[in-house]
Amino acid sequence: MKKNKKRKFGNLFKKLKKTTPGFHFMYIVVLVLFIMSVILLTYSLTLLSGIETLIRVLFIIAMTTYALLFFFIGSALLITKKHTILVITSIITTIFTIVNGFGYYYIQKTYTVVDNISKEEVIYTTNLITLNKDETIKTVGMLKNENSPEGYILPQEYLVKNNKKWKIENYESNEELIKALINKEVDAIFITANFKLLYSANYPELDSAVIIDTYSKKLDNNDTVASTNKDITEPFTMLLLGVDSEYDGLANNAAFNGDSIMLITFNPKTLSATVFSIPRDTYVPIACNNNKQNKINSAAAYGTKCMINTIENLTDITIDYFVKINFKGVVNLVDALGGIDVNIDEPDFKKNGSVDCKGMVCEQNSNREFGEHIVYIKPGMQHLDGEQALAYARNRHQWALSDFKRVEHQQAIVTAIANKAKTIRNINTFYKVLNAVSNNMDTNMETNQMLNFYNVGKNILLKSNFGEGEFINIQKTFLSGYDQTVYQGYDMYTYQYYEESLAEIVKAMKVNLELEKPEIIKTFSFSVNEPYEVPTIGRMYTGVRKNETLPNFVGQNINYLESWISTRNITLNKNYTESNSCIEGNILEQNVHSGVIVSSISSLSVNVCKNVHINEPTTPEEPANNGQIDDPIEDMLN
């Protein structure tokens with residue numbers, strides 16, 4: 001049998017050699033090109049793991065089968081000299097080859113762009129700054145953390161490369177570095193390139209800082225956080241971080257300003273999501289700073305790992321994935337989409353700082369420039385370009401609710417972008433959008449996991465019948481709380497949340513993740529005279545016990561402090577200072593600054609005044625009343 005087959009193939013090749021050379025050459029070229037296109041397309045289709053698996057397999061089988069048929073049928077047509085049919089068959093095969101080639105090109109292009117979203121290498125930058133450009137630099141501050149690219153690694157390389165022999169002082173945090181510079185403990189410091197954006201609000205001295213030198217280098221991304229690799233066909237969590245950076249793209253991965261923090265749970269089975277927008281000034285323990293309490297957006301200055309750990313500790317919910325988006329990339333994304341439609345809120349205030357907004361919403365442009373660069377937006381339904389969309393997402397100073405309004409606006413922008421993305425029908429528009437996202441986004445998701453969102457998106461579109469408007473059931477949340485100024489080395493505005501409000505939000509998120517069972521609502525009431533609104537989770541908490549800050553006891557009597565402290569779990573330590581220049585029992589000093597949260601204090605030491613009385617001697621010859629004896633009756637009569 002084997003010998004017979006070999007003979008048949010041998011005879012076939014002998015007959016093919018005797019065919020017309022021109023048609024023979026055409027047939028071989030078309031066959032080889034088609035086989036190459038099938039191989040390339042098969043390779044690219046294997047990259048799309050989890051996407052339309054059955055269709056991909058059937059397509060590969062069909063193309064392979066066609067290649068075999070063309071080989072045998074084309075050979076027979078050559079041998080029988082049916083050249084017309086051979087030419088027609090070759091033209092059809094050439095068309096398939098071109099289609100396969102385009103398929104390979106676009107699949108590879110898409111895969112490469114998606115693969116580049118997760119940044120394996122990024123450009124880190126450190127700045128050497130001083131507050132006095134004429135200062136002779138002798139002592140320089142840098143971070144102790146040897147794993148910090150901008151605070152330690154790059155500064156060390158800079159010193160060696162430039163042969164600098166300065167005295168080096170090491171500090172635990174950027175805040176300590178800045179204080180050391182302001183207090184003139186050092187002449188200059190190495191600090192992240194985004195230092196003004198991150199710290200100038202609390203340290204206005206940085207506005208006049210002079211950048212002496214800058215040093216940048218591409219390094220492995222040390223801010224990656226391993227994902228849980230949870231299948232996105234199951235309920236999952238995602239942390240969405242809006243990065244307000246002075247740089248375009250996220251290839252420049254300096255410490256960032258966490259301008260928007262959203263923890264999202266998504267259930268692909270029910271197409272329901274809970275969106276927990278955490279106000280940036282929320283006062284919480286910062287995981288990477290020994291759980292010292294601070295505004296939650298301060299965790300961003302330490303990187304994504306610190307932010308994730310801080311939020312996980314706050315909510316007791318594991319974060320499966322994070323997505324970090326540079327707000328400046330919003331400009332490119334919206335422009336790539338051709339603009340978006342958003343209903344603009346009427347502002348509460350006519351000014352943004354000192355700028356008269358002329359009855360409109362107004363904000364700096366993407367480069368944070370006012371003046372002639374200011375961006376104006378009229379209230380009502382508007383078609384926004386990229387600069388306007390970013391301005392609306394950033395603005396908070398024209399609303400009484402400040403950050404909460406900004407969160408609403410950001411969610412409105414995200415929803416409008418998602419709705420506009422559904423209308424993409426042009427391949428060039430698709431790649432403009434994909435490139436805008438790729439350049440300005442970072443994530444810990446693997447490429448295959450990102451591609452699997454195709455299935456989620458298809459499910460969403462099918463269940464929404466490709467309609468316009470909302471296509472996901474979004475549960476709104478609102479972290480109730482109150483404003484409070486606390487002392488953190490300086491008086492700092494914070495947002496103190498109610499624990500009961502946080503607990504309700506966390507409960508809803510865990511229910512959506514199928515970690516807890518929902519409570520069955522057995523009663524329901526409504527009024528025909530009022531439109532029904534879905535209640536916002538976590539909003540209905542007022543009058544709950546608030547955090548207490550430590551008063552300033554200096555000048556108060558120690559008896560008052562003892563009475564105050566008796567109802568609080570604080571140990572009081574008293575030290576006495578002997579003096580005649582103070583009031584007996586008054587407090588002269590306290591070791592904990594006023595404005596510190598009382599619940600964070602375990603002991604309080606005070607310095608108390610103790611008078612020393614010195615009695616000067618008197619002589620019998622010279623009594624104090626000039627020798628007269630007091631007579632109370634006479635005094636009354638007088």
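**Ground rules.** I number residues from 1 along each chain as its sequence is written. Since the model is predicted, local features need pLDDT of at least 70 and side-chain atom pairs count only at pLDDT 80 or more, while totals for chains, interfaces and linings use all residues; side-chain values use heavy atoms, with hydrogens and water left out.

**Overview.** I looked up the secondary structure and got 17 helices and 24 strands. Those are DSSP runs numbered from the N terminus: helices are H or I with at least four residues, strands are E with at least two. Of the 638 residues, 45% are buried. My burial classes are buried under 20% relative accessible area, exposed over 50%, and partly exposed in between (1.4 Å probe, protein chains only). The protein exposes about 35,300 Å², and carbon and sulfur atoms supply 54% of that. Areas come from Shrake-Rupley with a 1.4 Å probe; for residues, only the protein chains shown count as cover. I also checked contacts (heavy atoms within 4.5 Å). Among those with a separation of 6 or more, 73% join residues 24 or more positions apart.

**Negative patch.** Which residues gather in a patch of negative charge on the surface? I found Asp115, Glu120, Glu121, Asp220 and Glu446 there. Patch members have over 30% relative accessible area and no salt bridge; like charges are joined within 9 Å, and nonpolar side chains (Val, Leu, Ile, Met, Phe, Trp, Tyr) within 5 Å. Asp and Glu count as negative, Lys and Arg as positive, and His and the chain ends are not counted. A charge is placed at NZ of Lys, CZ of Arg, CG of Asp or CD of Glu. Asp115 sits in helix α4 (residues 83-115) and is partly exposed at 35%.

**Thr447.** I followed Asp115 to one of its contacts: leaving aside neighbours within four places in sequence, Thr447 touches Tyr111, Val114 and Asp115. Thr447 belongs to helix α13 (residues 447-451) and is buried, with 8% relative accessibility.

**Salt bridges.** My search of the whole structure gave 13 salt bridges. The test is a side-chain nitrogen of Lys or Arg within 4 Å of a carboxyl oxygen of Asp or Glu.

- Lys144 and Glu172 pair at 3.4 Å, N to O. Lys144 is in the loop between β2 (139-143) and α5 (149-161) and Glu172 in the loop between β3 (167-171) and α6 (174-182), so the bridge ties together parts 28 residues apart in sequence. Lys144 is partly exposed at 44%, whereas Glu172 is exposed at 53%.
- Lys510 pairs with Asp316, closest N and O atoms 3.3 Å apart. This links distant parts of the chain, 194 residues apart: Lys510 in helix α15, Asp316 in the loop between α8 (304-315) and β11 (321-326). Lys510 is buried at 14%, but Asp316 is exposed at 59%.
- Lys405 pairs with Asp345, closest N and O atoms 3.2 Å apart. Lys405 is buried at 18%; Asp345 is partly exposed at 24%.
- Glu234, Lys269 and Glu514 are linked in a salt-bridge network.

**Glu504.** Last, I looked at Glu504 in helix α15 (residues 499-512). Glu504 is partly exposed at 31%.
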